[in-house]
Amino acid sequence: MRESFRTPQNPSPQYDHTVRTKMRNSITLPEAEVQKLLSENVKHVIRIKMPESETVQFTDLIRGTLSFNTSLTDDKVLLKADGMPTYHLAVVVDDFLMQITHVFRGEEWLPSAPVHVLLWKYLFGMDAMPQWAHLPLILGPNGKLSKRDGAKYGFPVFAMNWTDPATGELTEGFREKGFLPEAFINLLAVLGWNDGTEQEIFTKAEMIGKFSLERIHSGGAKFDYEKAKWFNHEWIKRLSAAALRQEVKPVLLKKGIDIPDEHQLDKVIALIKDRCQLLNDFVEQGYFFFSVPEKFDVEAVKPKWNEAKQLFFAELVRHFELISSWNEHALESEFKEMAAVHKIKPGELLLPFRIMLVGGKFGPGVFPVAELLGKQETISRIKHFLELLK
RNA sequence: GGCCCGUUGGUCAAGGGGUUAAGACGCAUCCCUUUCACGGAUGAAUCACGAGUUCGAUUCUCGUACGGGCUACCA
């Protein structure tokens, strides 16, 4: 039928009051014929017969009063030929049975709302009908956000990993990408809603207290992955090391990083969390605390390396060995005093020292790093690097 | 094509007849940091268009344009 009515002007013909009298159905067939077919169990579908021209009006909690003319919506299939109900029938019956009071769904359901309202009227009465709220859509780079967008643009679209049962294709979730649950809920809540103040970071408790239907936008909101990462970064910065530990530890373990001491881990987390946007960033920002760096950026040091510096570090090792209270302040003053004695600017020495400890031009302050690494490991890395330079 | 919903910087957005039209992300510059971040400061950038109502429209009304959704025996 769809095919025969399709024209260039109307690419999607409807099954409505204008065509139902031309179809082979219980309206056009003689009653006796209908009964006969029924008794023979001939496959058939059951549709809703939309009124020819009525206005269906209802209140949407977000958009206000909405009205539709029934002549424009088609006779939706309610029961399929295999006996299974379609969503239209199922959702109404299910909501009635569960005594649902409020229906929150995406804006894409708006066009079928009149069908559902009519079904409520016909089946259970308008008094039992829940209140409707059609939420704005989350948009991707082109239109409604779809799981395809995730693969296409490199950001997650589902909360957690999802494997398409049909194709076996895996879509990486926010969780696996390294997002905190707090951040995920937060970023979703403020996509299309705000509390009217400048606050953007909300705890779950705050959101429960402040969320209001009235302040939900009616227009769709485009998802911005950069801002999503910002939310996660904010949450990482705010959460304590102890709170972060349960999320960070599995990530590190999964990368084969050995964590013998949780207190040590907490200190590492506290030191590096400000520079981690996603949980996975803890790996590259922190792995060198647990094992010797895989490679050292020797090239960054070599050009400016000389005998004086070689001597400085050799002596630094001897001085460090004698330090009784191993903390960043003691290390820093020792380091700087020695630099003065050797008449080398500390700036000339700091970068090589950093690379000896962490492997490259990144990471937290060198002295806190050295403190956390401990005397033995710090000295061993200096010696190791001095060997590399030869 | 038809129907429905929408439209404030690139993005998320506050505001709602008279404002220098908030703030955030991102971007740029600078400060701090003897790395990279964090942090701080500054800057560029916006009311889709046209009528109407009005002393005055970003704000109200109507059109147009644009965007999105729906148009399956999917949900």
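This is a predicted model: local features need pLDDT of at least 70, side-chain atom pairs count only at pLDDT 80 or more; totals for chains, interfaces and linings use all residues.

User: Into which domains is chain A divided?

Analyst: Domain bounds come from an automatic or database domain assignment. Here chain A has domain 1 (2-135), domain 2 (140-233), domain 3 (239-289) and domain 4 (298-389). The centres of domain 1 and domain 4, taken over C-alpha atoms, are 76 Å apart.

User: How does strand β2 run relative to β3, parallel or antiparallel?

Analyst: Strands (E, at least two residues) and helices (H or I, at least four) are DSSP runs, numbered from the N terminus. Two strands pair if DSSP finds at least two bridges between them. Strand β2 (residues 55-60) and β3 are antiparallel and joined by six bridges, and a hairpin of three residues links β2 to β3. Within this pairing, Phe58 stands opposite Leu66 in β3.

User: How many residues surround RNA strand B?

Analyst: A residue is near a strand if one of its heavy atoms lies within 4 Å of it. RNA strand B is surrounded by 56 residues, and the closest are Gln9, Lys80, Glu200, Arg275 and Pro346. Of the RNA strand B atoms within 4 Å of the protein, 66% belong to sugar or phosphate and the rest to bases.

User: Which parts of RNA strand B do Glu200 and Gly363 approach?

Analyst: A polar side-chain atom of Glu200 is 2.5 Å from a sugar or linking oxygen of RNA strand B, whereas a polar backbone atom of Gly363 lies 2.6 Å from a base nitrogen. Elements giving two or more residues to the surface near RNA strand B include β3 (64-69), α9 (225-238) and α15. Of the elements, α9 gives the most, with five residues.

User: Why does Leu351 count as partly exposed?

Analyst: Buried means under 20% relative accessible area, exposed over 50%, and partly exposed in between (1.4 Å probe, protein chains only). Leu351 counts as partly exposed because its relative accessibility is 33%. Leu351 is found in helix α15 (residues 346-358).

Methods
Residues are numbered from 1 along each chain as its sequence is written. Chains are lettered from A and ligands numbered from 1 in the order in which they are written. Side-chain values use heavy atoms; hydrogens and water are left out. A polar contact is a pair of N or O atoms within 3.5 Å; within protein, one must be able to donate a hydrogen and the other to accept it, and residues adjacent in sequence count only if both atoms are side-chain atoms.
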